[in-house]
Structure formats: C-alpha cells, structure tokens
Amino acid sequence: MLAQLRLALALLPALTVALAAQGRGEGVVTTDRHFLTSQACATCHSTSELARALWNETGDDVSPFATWSGTMMANAFRDPYWRAQVSKEVAAAPHRRTEIEALCVRCHAPAAHHDALLSRHETPSIGAATQDPLARDGVSCTVCHQAQAANLGSEASFSGQLEIRGDNRIFGPYPEPATQPMRMHTGYLVEHGPHVRDAGLCGSCHTLITSHVPGHGPFAEQAPFLEWRNSVFSDEAGRTEQSRTCQQCHMADQGNLKIARNPRGLDFNIKARPNVRAHAFVGGNAFMLDLLRQNREALGVTASDEALARTARATRQQLAHATASVAIEGARRDGDTLRFDVRVTNLAGHKLPTGYPARRAWLRVIVRVDNQAVFVSGEVDAAGRLQGVTDERALPHFDTVTKADQVVVYEAVPIDKDGHPTTYLTQMVAMGKDTRLLPKGWRGDGPEIARTAPKGLGDDVDFVGGEDVVHYELKVAAGNEVRVVIVASLLYQSVPPAWVDPLRIVTTDEARSFVAMYDAMSKEPETLALTVAAVE
C-alpha cells in the first residue's frame with residue numbers, strides 16, 4: 001500500500017500537466033497509461049522565444065520535438081503507404097487480420113502496442129488504434145527512452161520487441177541528469193542510459209524477422225542492423241576510427257546546447273550538454289515526406305509544412321552527398337567500340353538501398369557524341385518506370401553491359417513459396433534476388449551471413465564489400481576526331497511503380513487513397529551520385 005501511495009504521489013504532477021494539456025486541445029494522454037505523447041515531452045523539450053535552450057547558433061529550432069515532428073518516425077502510423085500495404089495483406093487473408101495488424105502496429109504504433117502489453121491487453125487493431133493519441137504519435141519519445149538495455153542487439157529484441165518495464169524510468173544519454181524537473185512535470189525518473197546511443201535500439205524495429213508460410217523458416221524482410229553488424233561501421237567488437245552507430249549517421253550533431261527549458265518558456269538553470277543530436281532521423285524517404293506534406297489535411301498530419309519540407313531537404317542532402325559515389329574508369333575507344341568501367345561505392349553503413357525491400361537504386365549511363373545521345377540505359381519515364389525494360393522485376397544482375405536494356409539495378413526481390421516475386425509480406429519466404437550494394441567491410445565469413453548474403457550475382461567477382469564495378473562495352477560509331485562524353489549516375493526510388501501496381505487492384509479504401517496520392521506525385525528519382533568523363 002505504501003509503495004502504491006508513493007507511486008501515486010510521484011505521478012500526480014504528470015497527471016496535472018497532462019490534464020492541463022488536454023484542456024489546451026493538445027491530446028496528451030493521462031498517466032493511467034505507461035506512456036505520454038510527444039506533446040507532454042514538448043512541454044520542456046521544445047523551443048521558446050524566451051529561452052536559449054535548443055536554438056542553434058544560426059537561430060534554427062533544433063529541439064527534439066520540432067525535428068522529430070517532420071519525420072517518417074513521427075508519422076509512422078499515419079503513413080498511407082504502410083496503411084495501404086497492410087490493408088492489402090488483410091484483404092488477401094482476412095482470417096489473419098488480428099495477427100497481421102498486431103505485427104505491424106508493434107513498430108508503427110509502438111507506444112500503443114507496449115502499453116497494451118504492459119496492461120496485459122490485446123494489441124489494438126489499426127482501426128481501434130486510430131482513435132488513440134499514443135498510436136497517432138508513431139514512434140515517439142517515451143517508447144525509445146523507456147527501452148531497457150538488457151536485450152538490445154539480441155534476437156529477443158528484433159521485430160519491435162523492445163524490453164520496456166513500465167517502472168516509470170526514462171533514459172537519456174548524459175550522465176548526472178537533473179532529475180527533479182522531469183519527475184515534477186511528467187512523473188518519470190530520468191536516469192543516465194548510454195544505451196540510447198546503441199545501434200541495437202534502432203535495430204529492434206529495423207530488423208523484421210517473420211514466419212508466415214507453413215513449411216518455410218523465418219524470413220528477414222528487412223535487416224539494416226544485421227547488415228551494419230557485418231561492416232567496418234560496427235562497434236560491437238570495439239570502437240575504431242571507422243565505427244558509426246545508426247544515431248551518429250542519422251541524427252545530426254547540433255553542438256553544445258541546453259536540452260530543455262521550463263514549462264513557462266524560460267531557461268532552466270542547467271548546463272549545456274555536448275554534441276546534442278537532432279531528432280530528425282534523416283533516412284532515405286524524401287518521396288514519402290513530400291507526399292505527407294502535399295496531403296497533410298487528408299492524412300491528419302500535425303507537423304507543419306516547413307517541418308516536413310525541412311526533413312525532406314535534409315534527406316536529399318544526405319542521399320546526394322553521403323550515400324554513394326560513382327566513378328568512370330579506363331574509358332577508351334577501340335575502333336567503334338567504347339569500353340569503360342563504372343565503379344559504384346556504397347558510403348552507408350548498411351546495404352544500399354536498405355530497409356523495406358521495395359527500394360531500389362540503379363545506374364543510368366548516357367553516352368553523347370557531338371552532344372547527341374547515342375546510348376541511354378537506365379532512364380525512366382514520367383511514371384518512374386525503366387524505359388526499354390519489359391519486366392523490371394525479372395531483370396538479372398549485369399556485370400557487363402552491351403545493350404541499353406541491360407540496366408544494372410541494385411535491389412531485393414522477395415519471392416513466395418512457388419518462386420514468384422511478391423510484394424506480400426505474409427507470402428515472402430526468401431530473396432529471389434538481392435543485389436543491393438554491400439556495406440564497406442562486409443565479409444563472406446562475417447556475422448549474419450545467412451540472413452544478409454547477396455543473391456543472384458552470377459560470377460560477378462568485383463561485386464565486393466563496399467562497391468561494385470560494372471563493365472561497359474558499347475558500339476559507338478564516331479570518328480577519332482570526335483569527342484565522346486560519358487555521364488554516369490546512380491539513381492534511387494523509395495516507392496517504385498512495381499510495388500504500387502499490386503495495390504491498384506486492391507479495393508480497400510486505404511489502397512485506393514494511397515494510389516491516388518501516389519499518382520499525383522512527381523516520380524523523378526533521387527540522384528545519389530553523378531560523374532562525367534570525356535574520351536578524345
């Protein structure tokens with residue numbers, strides 16, 4: 001009884017703040033649950049014109065709340081592509097709705113899932129969760145910061161199975177935290193938890209292992225964390241100069257800042273913390289951020305246009321300058337034959353592309369003679385489809401290119417039990433093709449080979465950890481006095497047409513809505529890298 005009384009007293013300030021916030025229409029849930037929404041955290045971890053906390057030197061708002069609000073993580077539950085794909089799965093197997101939705105909610109509405117788990121309730125359906133402020137918050141503050149260190153990086157944590165105890169403790173990256181303000185305003189006891197910088201924290205949801213098809217073992221639908229584990233970026237065997245965690249690459253360092261201000265909008269009397277990380281979680285999905293921004297009202301997105309646009313800009317900056325490089329090597333002419341190599345280098349700490357297997361990158365190569373294009377491979381039309389390619393999903397991997405329709409595509413193609421390409425998660429049993437660029441330092445005898453090895457490379461001996469070299473041998477009729485120019489670029493799509501096409505025949509509201517939004521968007525691919533070479 002005494003322990004319960006102490007807990008009730010500890011939670012009383014948080015309940016007061018939560019109820020006050022609800023009165024302002026901010027939708028913060030009360031503390032009869034194990035999580036608070038982002039609005040409760042924003043009470044102190046957002047900027048105020050009266051405080052210096054969380055403004056950078058150029059006057060930009062780099063607070064956790066502001067930078068997070070315009071991300072795919074904040075909008076994970078509102079994501080219309082995810083909603084459409086889930087509805088497609090359920091439409092194909094309506095008797096499995098509860099199983100399918102429970103798996104998907106685990107990572108797209110983790111606060112609602114873990115709150116139900118801790119309360120010994122069933123994970124809510126997507127329909128029920130739509131009415132829950134915790135679910136609408138997507139991947140939010142009090143999920144990641146309540147995760148325990150115990151099972152991070154282990155099999156037990158994968159597929160969204162973070163260990164959260166509901167013991168009212170919250171973890172931050174800095175030692176000697178000022179505990180009283182958070183205890184007073186939220187009821188949480190803040191502790192130093194260096195594990196919030198651990199790649200395994202991100203690896204929980206970014207390692208999805210499923211087993212849906214009888215007679216077939218577990219399938220790694222996506223595994224960026226396992227790919228990182230077999231790279232020079234991993235720090236699990238000890239840090240090196242090349243080690244980088246997910247947080248170091250995807251959360252920009254904002255320098256030294258005070259990390260909170262008080263609820264009245266004034267600065268706390270706390271010291272600045274070093275290397276404060278923005279919570280923008282810059283990934284590889286600028287397309288979906290643009291789609292969210294252009295459909296804010298229809299999707300109920302609460303982030304501002306500028307917050308979404310800012311994250312999309314940061315995403316494109318990272319894609320264009322820190323993701324890959326291409327180089328043209330050994331360009332030469334032998335009569336009317338033009339020979340050259342294109343070296344593609346992966347700068348990321350995981351496969352490129354990674355994550356949801358829809359994503360693809362490919363080489364576009366253009367050869368010009370007297371400023372006229374005489375060879376074009378890898379161009380796309382207005383719908384985002386590869387020109388000159390009949391069946392994009394059936395493209396093999398090419399080590400040597402001699403014709404325009406031999407497009408080098410770096411992609412994963414999941415297959416069903418009959419060996420056919422599929423976009424249905426519940427039907428995937430293996431990768432029929434996985435030619436995504438390997439991370440630097442990837443080894444054939446390294447960790448996680450069984451779940452991350454490439455497939456479908458043929459005898460391509462120069463597809464190795466960190467890079468691929470593609471050989472071009474083209475017939476180009478041009479006199480020796482004519483200058484030949486080669487333009488090579490690496491392009492990328494996060495939502496290719498081949499993954500949207502199956503949604504076009506699905507009659508659910510979610511599928512129809514997303515397809516309409518998708519069709520209204522520009523399909524211009526992202527450019528990850530570009531280079532030019534001239535052959536005299």
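**Entry 1: H14 and H19.** I began with the residues that meet here: Phe 287, Met 288 and Leu 291 of H14 touch Phe 514, Met 517 and Tyr 518 of H19. I sorted this contact by type and got six nonpolar residues, with no polar and no charged ones. I noted to myself that this is a predicted model.

Next I looked up the geometry. Helix H14 covers residues 286-294, and its axis comes within 10 Å of that of H19, crossing at roughly 105 degrees. Angles of 65 to 115 degrees count as roughly perpendicular, so H14 is roughly perpendicular to H19.

**Entry 2: H4 and H19.** I then turned to helix H4 (residues 80-92), which packs against H19 (residues 509-519) at about 140 degrees, with the axes 8 Å apart. The two helices are therefore oblique to each other. I wrote down the handedness too: H4 and H19 make a left-handed crossing.

Who makes this contact? From H4 I listed Pro 80, Tyr 81, Arg 83, Ala 84 and Ser 87, and from H19 Glu 510, Ala 511, Phe 514 and Met 517. Six of these contact residues are nonpolar, one is polar and two are charged.

Entry 3: How many cavities of 30 Å³ or more does the whole structure hold? My search found one. The largest cavity holds about 50 Å³ of space. Its lining includes Pro 357, Arg 359, Glu 392, Glu 411 and Trp 499. I counted five nonpolar, no polar and five charged residues in that lining.

Notes:
Residues are numbered from 1 along each chain as its sequence is written. This is a predicted model: local features need pLDDT of at least 70, side-chain atom pairs count only at pLDDT 80 or more; totals for chains, interfaces and linings use all residues. Side-chain values use heavy atoms; hydrogens and water are left out. Axes are lines fitted to C-alpha atoms, for helices over the stretch in contact, and angles run from 0 to 180 degrees between N-to-C directions. Helices (H or I, at least four residues) and strands (E, at least two) are DSSP runs, numbered from the N terminus. Angles under 35 degrees count as roughly parallel, over 145 as roughly antiparallel, 65 to 115 as roughly perpendicular and the rest as oblique. A crossing is left-handed if the near helix is turned anticlockwise from the far one by less than a right angle, and right-handed if clockwise. Contact means heavy atoms within 4.5 Å. Ala, Val, Leu, Ile, Met, Phe, Trp, Tyr, Cys and Pro count as nonpolar, Asp, Glu, Lys and Arg as charged, and the others, Gly among them, as polar. On a 1 Å grid over the protein atoms alone, a cavity is a set of points where a 1.4 Å probe fits but cannot get out, and a pocket is an open set with protein on both sides within 12 Å along at least five of seven lines; lining residues have an atom within 4 Å of a point. Grid points are joined across faces, edges and corners, and a volume is the space filled by probe spheres set on the points.
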